[in-house]
Amino acid sequence: MSLPLHERAADGSDPIVRMTLADLGKPFDVKTSATVVTSLIPARALEEDEQYRFHFDVTKCIGCRSCEVACNEQNGNPSDIRWRRIGEIEGGVYPDVLRHYLSMGCNHCLDAECVKGCPVEAYTKDPVTGIVLHSADACIGCQYCVWNCTYQVPQFNAERGVVGKCDMCHGRLTAGLEPACVNACPEAAIEIEIVNKTAWRKNFTAAESPGLPAAMHTLSTTRLTLPESATKLERVDAGHIRPEHAHLSLVFMTTLIQAVTGGLFFALIAHGLTPLFLTMLLGITAIALNISVFHLGRPAYAWRAVKMWRRSWLSREVLFFGHFFGSLAICTAFAWAMVLPATLYTSPFLRTLQTWPHAALALTCLAWITVGFGCAGTIASAFIYLIPARPSWNMVHTPFDFLLSGLLIGGTFAFVLQMVTNWMATLPMLQGWPLAHAGAVYPFWPVVVAGLLWMLNHVVRLVRLSRSPLFEGRASIMLLNRSPLRAFLIASFVFALGSCALALVSSVTLSCLAAFLCVLLARYLFFVSVVPLNMALTFTRGGHA
Amino acid sequence: MSMLTSIKRALGIDTRQEDYTFTKDPRFGHIATARVAEKWVKTTCGYCSVGCGMLVGVKDGKAVAARGNPDHPVNLGKLCPKGLSEHHVLDAPGRATQPLLRKDGKLVPVSWDEALDVMVEKFTGIQAKYGREALGVVGTGQLLTEDTYTLGKLVQLGFGTRNNDGNTTLCMASAVSGYKLSFGSDGPPGSYADMQAADVILLIGANIADNHPILCHRLDRTNRKGEMKLIVVDPRVTKTAMMADIHLPVKPRSDIALINGIAHVLIRDGLVSHDYIAAHTDDYAEFATFVEQFTPKHVAAVTGLSEARIVEVAHLYGNAKAAFIGWTMGVNHSTQGAMTVAAINNLALITGHIGRGGAAPFSITGQCNAMGTRETGFTSSLPGYRKYENAEHREELARLWGIDVDRIPSARGMAYPDIIEGAVAGKIKALWFVATNPVVSFPNFSVLDQALRSVEFLVVQDGFHPTPTSDYAHLVLPAAIWGEKEGTYTNSERRVSKVNAIVTPPGEARPDFDIFLAIAERLGVRDELYPGWTTTADAFREWQRVSAGRMCDYSGFTWQQLEDEGGAQWGGERLYADGVFPTATGRAKLHCVPCLPFAEQPDGEYNFVLNTGRTVEHWHTRTKTANIEMLDTMVPQAWLEMNPVDAAQLKLKAHDRVTVVSRRSAVNNLELRITGIVAPGQVFMPFHFSETNSNLVTLGAFDPISREPNFKQCAVRVEKFSQTLI
């Protein structure tokens, strides 16, 4: 790929090539400036095992934020979306104080988590330039990349329903023009250079800086030139910890689908499967899955989410829960088929089925398969959250919590559903239907065990977070210690205890209700109390509470 | 939006792809289609005095993009974030679009005819009743040179009041006065190019990284390290101080002691230029005797610097081949501002660091056209740096204008703060503010508030409404702003640059020039003062004649030349190259400048010194930048900087809400920033924000010579903010 900048600068016909002057700051000479060439983008083509990267010189930056504005103007983004962001890092004692600025776009990482996590292959690492490109067309707005990036580079554009990010002004760079930020910087602090990928993998210490997450997670390619000073620089936005988005649709989706899996599991053990019972589970699953679809920026394209099942846990979750729904639907149909009276529906197939001696066993097998899909989906769903960018999620407690939550709710939930179906069977309008009275007996000690384990899991998680070596982990505890989150946290434990106690005194409906409230609250806190890794931002970033 | 579109957007079938496409702009390459212009209009930035050349893209009659003009010698294509987003101001909400007259206590829309009839009737009525000087006018450095020139004639010769001043008195009046004291005339002697040619640059009270960012590349500290020394004098460790090779963290208002101390060392160690002193200065002997007392030991005690540091800096300055001193508001915003400037000039004069490449005492001014107001004047001086007290100057002007010389006043009227105090005292009965927002920018708000409530008629002419000031108005005149008018601005280095209209003003808003002519028409002075004038080009041509032969001579260039050549510097690259100064003796005067403590010292009750300043994202009182979302969301509110030592003592945490209390009033609900960039015992806040107006607490103390307020130091205490106390 050629960069015809030199040629275009030499003939002086194109004004843009003079906009970044190689001798910026030297005395200006109108007569010679036309032949001055930018040195801020590579002058040669890329070779094997090379890619482009940003070099940001911290010692040159004066924190003017021209790059930030130029980026938004270049990309026509709304003002709340900043593909290039400025951060402040500060340290020392008056008057020997240092404050420096970080100006960061995308780091076009070698092991980009955004690329790996995307369920629809909206991200590609350009084979020629190494630029991490994002396709708004392919994107379904699941925002998993927003969670995955340790630098919080991808940003969701609510107006569009898709994510967007810095593409190193790919369209400019490949035309021999410097990116907008490079072009705008009055201090020539940002430039594009070539990096050898193999060499960088071996030594990427120049990607590290105070105020930036560790580069090892994704192998950021951005090279930083830092001041030579013993002064310890620290981020200045650490006091700005704010609750994250609650993702209520995900709170409900995960809770309900775990409840359904748990319920099905207990009903299987207690031999409580009835057609109506399965129908109710199927209905709840349908609701849960539909809720989750509307968490997408582009719900109409939800179906695309299974595409990258080979590498994305999000795809796998969708795949497993899809299978869960499918096999639950088959179970339900099978169960109905077994009991439908011939007066209602006559078919040779039905008759064969109803007289098949192994029909009940087949249903049980099908149901176990369904439970298997539910568990697999739940585990896949937990793995979505096991990402370095979100330390308070990235713990073994997350899959434990998801499974234990299913068990905690499931035990009583199955019994409550049985009561509901038994009540429905007494309704006059349903008298013509083959609704048998179910009399499965549910032991409640598993609820107590699950509840205690659930609480133990959460307590250990909180203790470990409070001792986390990462600021973001400890910051989650700071958030949970604030009003009203602290009250919610206490309430979730009270509900967990209450659920156990009520189960012991056989107040099953209330126990189930308490279990639901406990899990919903804990899941809500799970989402809002996460403090993502991010680059250092400014003291006044964003709005204020 | 149709129902179908809404559904498609909700489902994500429609992602507004059409709003996010990219195209190749023939001039600037690949860019968002929305930023591709049909034509590019050359102009000059309307924010600060750096005077960057711009290209503003226009499409379908709307400004869609702003670019630095790569051919402009000031900025070489670069712009700061305000410049890069300046086209948005032409589309910003909050514009004044129709004349509003207060009727029964409420501002109601009226026609221009009614508005101007009422204005002239009220003003002349008040002048008839209380005397001509009962009218006070406060203009601005935001207008075009042509506007200011026209306004000056209208006020002084049309309305016949001498009480005409500008918001520039809040900004660079001390530099003007200081130059006059030393050199006999205003006029910054140097150029930006000097910042590149100097081997020592001394910046005093100038945070150019925040306030003039496009000057910073001139310092080019990285490439020239070792060759060029940048010394920054500032009590706060500003962005600029952090760029310095040597930062001198002086105690507040000890700058005069430092400057005199440098002079002391220069004389003591024989680093002065006796030839230059003998040939081009007066009063050296007195000066040398005076600075004897400013020994390094004494200066160290006053400034808090070490003796060695003071001597080192003096030696650097004295041994430099070419030394440049730049200053801004840290010097000007002082009750001793004018004399501080004179002290700075002393340094340049005794060493001969003036009138040569790289050597200049250089006031970096504030607003885009503060310089234009200085030159066209009719405020603190007569147009063309002429003096009120000089009969020849008055006669020359009378001849040029074809009017009776007696109509030209022989003494200056009231300065801005005196107009405000005059309103409180009942001497000023009518006020006219043009493109300025004193409610946020004037010190000690409570006195201003009283002034605005005391006058019988208050006219606010502004591009924006409501502003905190237009809320007080009896009459609001909607004016065109930058990008809607044609004329010239003059920047800090005396470079006159062309400013062009890019779009038409919104609603009924009119260019200030048109408003002035319409008023003159009603006063019956239009033909006399502005014979045959229809556009600002007419004003420029007369101004060329009026300035011809003066130091600020505009007669050598046309508008077209200015536009084509990236402006032109009146007086050439530098002034005083021959060492001849416009004083009676032709020699510059050395002044003995005593270092006095600032007026309101901290005490037990008000134990902090409050410093005020700016941030790069905002301009002045935010009438513009608060309406540019991209800038406003960067810094949506003010903050108070406090040293960690003080915060610990007050048991305050970062982001706590605090109240700053002075003897005058209090600023509530400020976010606390705990940082080592301010010294213990000092706090800092930006002044831009009307919501948390620093001028509620600042001191109404003014320089006796320049009348500039002392915005930079007052005594305050800091308390934890409590909602219930409001």
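In this predicted model, chain B is built from 27 helices and 28 strands. The radius of gyration of chain B is 25 Å, close to the 27 Å that the globule rule gives for 726 residues, so chain B is as compact as a globular protein of that length. Along the principal axes, the C-alpha atoms of chain B fill a box of roughly 80 × 70 × 55 Å. Buried positions account for 63% of the 726 residues of chain B. Sequence separation tells a further part of the story: when contacts between residues at least 6 apart in chain B are considered, 74% of them join residues at least 24 apart.

Strand E23 (residues 608-613) of chain B pairs with E28(B) in the antiparallel sense, over three bridges. Within this pairing, Leu610(B) has Cys714(B) of E28(B) as its bridge partner. Strand E25 (residues 657-661) of chain B also runs antiparallel to E28(B), and four bridges join the two. Here Thr659(B) stands opposite Glu719(B) of E28(B). For readers inspecting such strands, it is handy to recall that in a regular strand the side chains alternate between the two faces of the sheet.

Turning to chain A, the domain assignment gives domain 1 as residues 5-240 and domain 2 as residues 248-528. The C-alpha centres of these two domains of chain A lie 44 Å apart. Contact between them involves 20 residues of domain 1 of chain A and 19 residues of domain 2 of chain A. On the side of domain 1 of chain A that touches domain 2 of chain A, helix H4 (113-117) and helix H5 (144-148) of chain A each supply at least two residues. The residues on this side of domain 1 of chain A comprise eleven nonpolar, six polar and three charged.

The UniProt record, an unreviewed entry, places the feature "transmembrane region" at several stretches of chain A, including residues 318-339 and 440-463. In the model, residues 318-339 of chain A are 100% helix and 0% strand, with end C-alpha atoms 32 Å apart. Residues 440-463 of chain A are 79% helix and 0% strand, and there the end C-alpha atoms are 40 Å apart.

In chain A, a cis peptide bond joins Tyr94(A) and Pro95(A), with omega about 0°. Pro95(A) sits in the loop between strand E2 (85-93) and strand E3 (96-104) of chain A. In chain B, His465(B) and Pro466(B) are joined by a cis peptide bond with omega about -5°. Pro466(B) is found in the loop between strand E17 (457-462) and strand E18 (475-478) of chain B.

How values were computed: Residues are numbered from 1 along each chain as its sequence is written. Chains are lettered from A and ligands numbered from 1 in the order in which they are written. UniProt positions are given in the numbering used here, feature names are shortened, and annotations may be inferred rather than shown by experiment. Domain bounds come from an automatic or database domain assignment. Two residues are in contact if their C-beta atoms, placed from the backbone, lie within 7 Å. Ala, Val, Leu, Ile, Met, Phe, Trp, Tyr, Cys and Pro count as nonpolar, Asp, Glu, Lys and Arg as charged, and the others, Gly among them, as polar. The radius of gyration is taken over C-alpha atoms; the globule rule is 2.2 Å times the number of residues to the power 0.38. A residue is buried if 20 or more other C-beta atoms lie within 10 Å of its own, exposed if 12 or fewer, and partly exposed in between; C-beta atoms are placed from the backbone. Two strands pair if DSSP finds at least two bridges between them.
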